Amino acid sequence: MKTSNIILSAVFASILIWVFVAFITAKAKITEFIEQHPEIVKEKKEDIKRETVQLEVFHTIVVKGEGDLFVEQSEGYTFNQFIDENNTAEVRNDTLFINVTGKKCRLNVNEISNVLTKDEVWVEISDLETDTFKIFTTNDSHLKINDLKVKFLSLTSEKNSKVELRNVNYKNTKAEFYIRNFSEVSIDDTKGMALSVKKDPQAKYEDD
């Protein structure tokens, strides 16, 4: 073997040994630090704890904030969240006023008929069945609805808000859409639906 090759092999081996030793040393220091400061690990575990709150009956949801909210139909009314003092949920006069931050929150409802979204909140509603459903979105909010069984659907979207409707055409649903102020609405199936769409020139409507 040429001398140059031997030197290169030796240098490469030295680098590997140095990387391995550095890794072992760093791992040992991290382990030692965790053993000396167990409260940090405890705080991290507490950060990911969730809690479920039982709510009074309501049929209207008003959602604001900058976080995510997932809504599903089930028995009872509950709010599940990562523990965060900035998340709030309060029922007043048959209406749930809910504020969510960036952490994912979940809402279980037995029956709702109205939803209003504002700020930059992102809301997804799935597997809901009701006779009449009214939607109002505003202020850059984003609402996505999957698998909605409804006889009459009313939608008003304004101020740059966005609405996505997927599989909401159930047995010739009747629907009225009002799209304003640069808002966007898209729906994937309108065959057989009795649909009326009124929109501003700046607004956007898509029918897939």
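A residue is called buried when its relative accessible area is under 20%, exposed when that area is over 50%, and partly exposed in between (1.4 Å probe, protein chains only). The model is predicted, so local features need pLDDT of at least 70 and side-chain atom pairs count only at pLDDT 80 or more, while totals for chains, interfaces and linings use all residues. Residues are numbered from 1 along each chain as its sequence is written, and side-chain values use heavy atoms, with hydrogens and water left out.

The protein contains two helices and 15 strands. Both are DSSP runs numbered from the N terminus: helices are H or I with at least four residues, strands are E with at least two. Of the 208 residues, 35% are buried.

Strand β8 spans residues 114–117. Its side chains alternate. Val-115 and Thr-117 point to one face and are buried.

Strand β8 has partners. Two strands pair if DSSP finds at least two bridges between them. Strand β2 (residues 60–65) pairs with β8 in the parallel sense, over four bridges. Here Thr-60 stands opposite Asn-114. Strand β9 (residues 122–137) also runs parallel to β8, joined to it by four bridges. Val-115 has Ile-135 of β9 as its bridge partner.

Gln-81 belongs to strand β4 (residues 78–82). The residue is buried, because its relative accessible area is 4%. Contact means heavy atoms within 4.5 Å. Neighbours within four places in sequence aside, Gln-81 touches Lys-49, Arg-50, Glu-51, Asn-87, Lys-104 and Cys-105. The side chains of Gln-81 and Asn-87 are also joined by a polar contact of 2.7 Å. Such a contact is a pair of N or O atoms within 3.5 Å; within protein, one must be able to donate a hydrogen and the other to accept it, and residues adjacent in sequence count only if both atoms are side-chain atoms.

Two arginines lie over aromatic rings. Arg-92 lies over the face of Phe-97, 4.2 Å from the ring centre. The charged end of Arg-106 sits over the ring of Phe-70, at 5.1 Å from its centre. The criterion requires NZ of Lys or CZ of Arg within 6 Å of the ring centre and within 35 degrees of the ring normal.
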